[in-house]
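Please study the sequence and the model shown below before reading on. The explanation moves from the chain as a whole to individual elements and side chains.

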Amino acid sequence: MKKTIGILALLLLFATACAPVQPQQRPMLDPQASSIFQKGAVQQIRIINNNAPLRSGHSVNSPVIASLPQDSIYNVVGESNNWYVIEGDQGQIGAVEPKDAQPHIEVPSMVGQTENIARLTPNEEELLRMLNAERVKKGLNPLKVDMEITKVARLKSQDMIDNNYFSHNSPTYGGPFDMMKQFGIHYIYAGENLAGNPSIQGAHTSLMNSQGHRDNILNPNFTHVGIGVREGSQYGKLATQMFVGR
């Protein structure tokens, strides 16, 4: 009898030791969202009024040293009291009043919007459509997709998953504006929205319910956007929206 009990105990111990270990699933975290915005330094301006005066100082009382033709482009060497300090056609340094010029940036030619949408993932396309629908409701132009920015946004989302963080500051790339510069993204205005949520609709809703994120989505200065959505985070989906104004 004792021998039988001993055998049963050994069998029970063996069965317990060999029982398959169930993999532990990471708990889903509460949805998160974060936003950031920056105005970049103006490097070039385009003259928007014909014979715009180039003055020796940043005042309408300063002497006019040259007249600038409409649509001409000039390099900005600095800003003073919101006036643009430029180098004129003859090498003279002077100031242009803001009402006579607007920031200008050279960008590569873009492929058509339809082609760009086709290259987005379904999740990214859905987020783009909802984003632009919000802008149209407010009388704003829809944002154009920039696939180079989209590549950067995808890298940011994947980096957050790989390095287990949720922040605008990446241990790999630094801040979003540093990251844009690393990948050759030029802008006058720039912003970033981050969202972690089980669904794309939930991500969009959380962004629109937050003042800072909504401000980025509805910012009239923005002209282009890149969207990167990646699966596999503790939030379910991680979405990065990178906005630029050119």
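This is a predicted model: local features need pLDDT of at least 70, side-chain atom pairs count only at pLDDT 80 or more; totals for chains, interfaces and linings use all residues.

Residues are numbered from 1 along each chain as its sequence is written, and side-chain values use heavy atoms, with hydrogens and water left out.

The protein chain contains 7 helices and 12 strands; helices (H or I, at least four residues) and strands (E, at least two) are DSSP runs, numbered from the N terminus. Of the 246 residues in the chain, 43% are buried. Here, buried means under 20% relative accessible area, exposed means over 50%, and partly exposed lies in between, with a 1.4 Å probe and protein chains only. The chain exposes about 13500 Å², and carbon and sulfur atoms supply 52% of this area. Such areas come from the Shrake-Rupley method with a 1.4 Å probe, and for residues only the protein chains shown count as cover. Among contacts (heavy atoms within 4.5 Å) between residues at least 6 apart in sequence, 66% join residues at least 24 apart.

Which strands are joined to β12? Strand β10 (residues 189–197) runs antiparallel to β12 and is joined to it by 9 bridges; strand β11 (residues 224–233) is also antiparallel to β12, with 9 bridges. Two strands pair if DSSP finds at least two bridges between them. On the β11 side, S233 stands opposite G236, and β11 and β12 form a hairpin with 2 residues between them.

Helix α6 spans residues 200–208, and its buried residues are I200, G202, A203, H204, L207 and M208. In an α-helix there are 3.6 residues a turn, so residues three or four places apart point the same way. The N-terminal end of α6 is capped by S199, which has a side-chain oxygen 2.9 Å from the backbone nitrogen of G202.

The charged side chains come next. Side chains of opposite charge can pair when their charged atoms come close. The structure holds 9 salt bridges, a salt bridge being a side-chain nitrogen of Lys or Arg within 4 Å of a carboxyl oxygen of Asp or Glu. One of them links D71 and R46, at 2.6 Å from N to O. D71 lies in the loop between β4 (64–68) and β5 (73–80) and R46 lies in strand β2 (residues 44–47), so this pair ties together parts that are 25 residues apart in sequence. D71 is partly exposed, at 47% relative accessible area, and R46 is also partly exposed, at 24%.

Where do R154 and E124 lie, the residues of another salt bridge, with 2.8 Å from N to O? R154 belongs to helix α4 (residues 147–162) and E124 to helix α3 (residues 122–137), so the pair ties together parts that are 30 residues apart in sequence. R154 counts as buried at 17% relative accessibility, and E124 is buried at 0%.

A further salt bridge joins K99 and D100, whose closest N and O atoms are 3.3 Å apart. K99 is exposed, with 53% relative accessibility, whereas D100 is buried, with 3%.

Technical notes:
A polar contact is a pair of N or O atoms within 3.5 Å; within protein, one must be able to donate a hydrogen and the other to accept it, and residues adjacent in sequence count only if both atoms are side-chain atoms.
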